[in-house]
Amino acid sequence: MAANFWTSSHHNQLLQQEKIDVVHPEDKERGLTLEEFKLIKIYMTNHIWRVAQQVKVRQRVIATAVTYFRRVYTRKSLTEYDPRLVAPTCLYLASKAEESTVQADCYDEKYRFEVKDILEMEMKLLEALDYYLVVYHPYRPLLQLLQDAGITDLTHISWGIVNDTYKMDLILIHPPYMIALACIYIASVLKDKDTTAWFEELRVDMNIVKNIAIEILDFYDFNRVEASKGINDDKINAALNKLVAKP
C-alpha cells in the first residue's frame, strides 16, 4: 500500500473527463448512447448502495465498490462485463479490500447470480483493475479540513454531499482533498458561512474547487430533471437489454 495518495496507484490512474465520457465501441455497436451509459452507471451505483445496506457494510466499502465499478468501465465494455453482475462483485471485492468481508452468497436479491458467477467475475475485475485495489476517499480529509476551518457544524451536510459525488466520476478525476474542499465550499454557501479567508490561507486553486462544485450542482440539476421524467426500471432495462441483443 502506498504511504500517501501522491505515491499511490490511485493518483497515477486519475483521468481527464473526456477519457471517461466515452461509450466503448462494442457498446456503441449495440446502439448504446452516452446518455444511457451515464444513466446505467448512476442506476447501478444506487443499486450498490441498496445491496450494501442489506448486508450492512461500512460506508468506506460502498465508496470503494463504486470506485471500482466506475473505473472498470473506463477500460471495459458493458457488453463484455454485465453491470448487473459487476455491481455486486465490486461490493464483494471492496468488502475484502477494506477488511469488512461478507459471504459472496449474501449479495443481490434483485439480479440473482450464483456464487460461482460472483467469484468468476471477481477474477476478471482484479485483472481489469490491474490488481490495484487501494482507494483514497474524501471522507478523512473532509473531517480534517472542517476541523481546521472551525466549521464542524457543517459535517453532516458536507458528508452527504461527498456521498453524492460517488454518483459521478469525480473520484476518478480529482484528488480526494479537492473533492472534500468543493463539498465544504457548497455547504458553506448553503449555510451562509463566510469561508473566504480560510480558503485563501489554504492557497489551493479555487478555480478547480469551484469547477468541481459546479459539476456537483449541475449533477443535482440533472437528477431533478431525470426524476421528473421518471427514471424507472423499464428505462434502465431497455438500455441494459441492448447489451445482450444481437447488433
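Helix α9 (residues 155–165) and helix α10 (residues 176–190) pack at an angle of about 130°, and their axes lie 9 Å apart. Helices here are DSSP runs of H or I with at least four residues, numbered from the N terminus; axes are lines fitted to C-alpha atoms over the stretch in contact, and angles run from 0 to 180 degrees between N-to-C directions. The arrangement makes α9 oblique to α10, given that angles under 35 degrees count as roughly parallel, over 145 as roughly antiparallel, 65 to 115 as roughly perpendicular and the rest as oblique. The model is a predicted one, in which local features need pLDDT of at least 70 and side-chain atom pairs count only at pLDDT 80 or more, while totals for chains, interfaces and linings use all residues. Residues are numbered from 1 along each chain as its sequence is written, and side-chain values use heavy atoms, with hydrogens and water left out.

The crossing of α9 past α10 is right-handed; a crossing has this hand if the near helix is turned clockwise from the far one by less than a right angle, and is left-handed if anticlockwise. On the α9 side, Ile157, Ser158, Ile161, Val162 and Thr165 meet Ile179, Cys183, Ile186, Ala187 and Leu190 of α10, where contact means heavy atoms within 4.5 Å. By class, the contact of α9 with α10 holds eight nonpolar residues, two polar and no charged. For this division, Ala, Val, Leu, Ile, Met, Phe, Trp, Tyr, Cys and Pro count as nonpolar, Asp, Glu, Lys and Arg as charged, and the others, Gly among them, as polar.

Lys41, Ile42, Met44, Thr45, Ile48, Trp49 and Ala52 of α4 make the contact with Gln59, Ile62, Ala65, Val66, Phe69 and Arg70 of α5. The contact of α4 with α5 has nine nonpolar, two polar and two charged residues.

Helix α5 also contains Val61. Val61 is buried, with a relative accessible area of 0%; buried means under 20% relative accessible area, exposed over 50%, and partly exposed in between, with a 1.4 Å probe and protein chains only. Leaving aside residues up to four places away in sequence, Val61 touches Leu91, Ala94, Ser95, Glu98 and Ser100. Val61 and Lys96 are 35 residues apart in sequence, and their C-alpha atoms are 8.7 Å apart in space.

Gln13 sits in the loop between α1 (9–12) and α2 (17–20) and is buried, at 15% relative accessible area. Its contacts, not counting residues up to four places away in sequence, are Arg71, Arg75, Tyr132 and Leu172. Tyr131, in the loop between α7 (115–128) and α8 (139–149), has a phi near 65°, a positive value in a residue other than glycine. Tyr131 counts as exposed, at 53% relative accessibility. Arg203 likewise has a positive phi, near 60°, and lies in the loop between α11 (196–202) and α12 (206–229). With 77% relative accessibility, Arg203 counts as exposed.

At the level of the whole protein, the domain assignment gives domain 1 (14–128) and domain 2 (139–229), with bounds from an automatic or database domain assignment. The contact between them takes 19 residues from domain 1 and 17 residues from domain 2. Taken over C-alpha atoms, the centres of domain 1 and domain 2 are 25 Å apart.

Definitions and conventions: Helix = DSSP H or I, 4+ residues; strand = E, 2+ residues; numbered from the N terminus.
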